[in-house]
Amino acid sequence: MLFEGSWRERRTAAWLAAISRRDQFRGRLGALLLESEVCCAGAAYCVALASFGTARDADLLATYLDRYLHRPDLAYDQPTAMGALAYTDSVLHSDRAGQFLQEGGLWRQWFQEAPHMHGDHGISTYLGGIRLACAVIDECADTPSTASFSTPTTTRAAN
């Protein structure tokens, strides 16, 4: 239901899926990322996919990048998706990001042509952000889910 809401609800849904390890939402997250119909939620989709860390997640991130790195006019979630793909590569010991990062690759072209991007075209900042987010997810996921939040009962004197 949260995936049907605005960006706040969708962002919350993505984080909850990641923390609770509900990878059954993988396809939904990938579709929402690819649609990019609301702002401010795509980064959370990328983080969730990176936290699942499978080849299917890498495919979804690469599909997004293949579409949106052709659009330097759009300041969407390309840097976060690139960091997420690089992170997933590090987990899987693969090199899906290499096709985008190579000399003449889509990442370098997009970075140079995107008017909103400045500085180094490297991905270390974006990769570091994904690593940090996934570490937080791992820490939260290790928290017991059976915590009790009950309050002690008190008795009231009758008037």
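Let me start with Leu 92, which touches Gly 53, Thr 54, Ala 55 and Ala 58, leaving aside residues up to four places away in sequence, where contact means heavy atoms within 4.5 Å. This is a predicted model, in which local features need pLDDT of at least 70 and side-chain atom pairs count only at pLDDT 80 or more, while totals for chains, interfaces and linings use all residues. Residues are numbered from 1 along each chain as its sequence is written, and side-chain values use heavy atoms, with hydrogens and water left out.

Leu 92 belongs to helix α5, residues 78-92; helices here are DSSP runs of H or I with at least four residues, numbered from the N terminus.

Now to a pair of helices. Two packed helices are described by the angle between their axes and the distance between the axes. For helix α2, residues 26-35, and helix α3, residues 42-52, the axes come within 9 Å and cross at roughly 145 degrees, the axes being lines fitted to C-alpha atoms over the stretch in contact, with angles running from 0 to 180 degrees between N-to-C directions. From α2, the residues Arg 26, Leu 29, Gly 30, Leu 32 and Leu 33 meet Gly 42, Tyr 45, Cys 46, Ala 48, Leu 49 and Phe 52 of α3. By class, the residues of this contact divide into eight nonpolar, two polar and one charged, where Ala, Val, Leu, Ile, Met, Phe, Trp, Tyr, Cys and Pro count as nonpolar, Asp, Glu, Lys and Arg as charged, and the others, Gly among them, as polar.

Let me turn to the salt bridges. How many does a search of the whole structure find? There are eight, a salt bridge being a side-chain nitrogen of Lys or Arg within 4 Å of a carboxyl oxygen of Asp or Glu.

In one of them Glu 4 pairs with Arg 28, with the closest N and O atoms 2.1 Å apart. Because Glu 4 lies in the segment before α1 (7-19) and Arg 28 in helix α2, the pair ties together parts that are 24 residues apart in sequence. Glu 4 is exposed at 55% relative accessibility, whereas Arg 28 is partly exposed at 34%.

Arg 10 forms a salt bridge with Glu 37, and here the closest N and O atoms are 2.9 Å apart. Arg 10 sits in helix α1 and Glu 37 in the loop between α2 and α3, so this pair ties together parts that are 27 residues apart in sequence. Arg 10 is buried, with a relative accessible area of 7%.

Asp 138 and Arg 21 form another salt bridge, with the closest N and O atoms 2.8 Å apart. This pair links distant parts of the chain, with Asp 138 in helix α8 (residues 124-141) and Arg 21 in the loop between α1 and α2, 117 residues apart. Asp 138 is partly exposed at 32%, and Arg 21 is partly exposed at 37%.

Finally, the cysteines. A search of the whole structure finds zero disulfides, a disulfide being a pair of cysteine sulfur atoms within 2.5 Å. For Cys 40, the closest cysteine sulfur is that of Cys 39, at 3.4 Å, which is too far for a bond.

Notes:
Helix = DSSP H or I, 4+ residues; strand = E, 2+ residues; numbered from the N terminus. Buried < 20%, exposed > 50% of the residue type's maximum accessible area, 1.4 Å probe, protein only.
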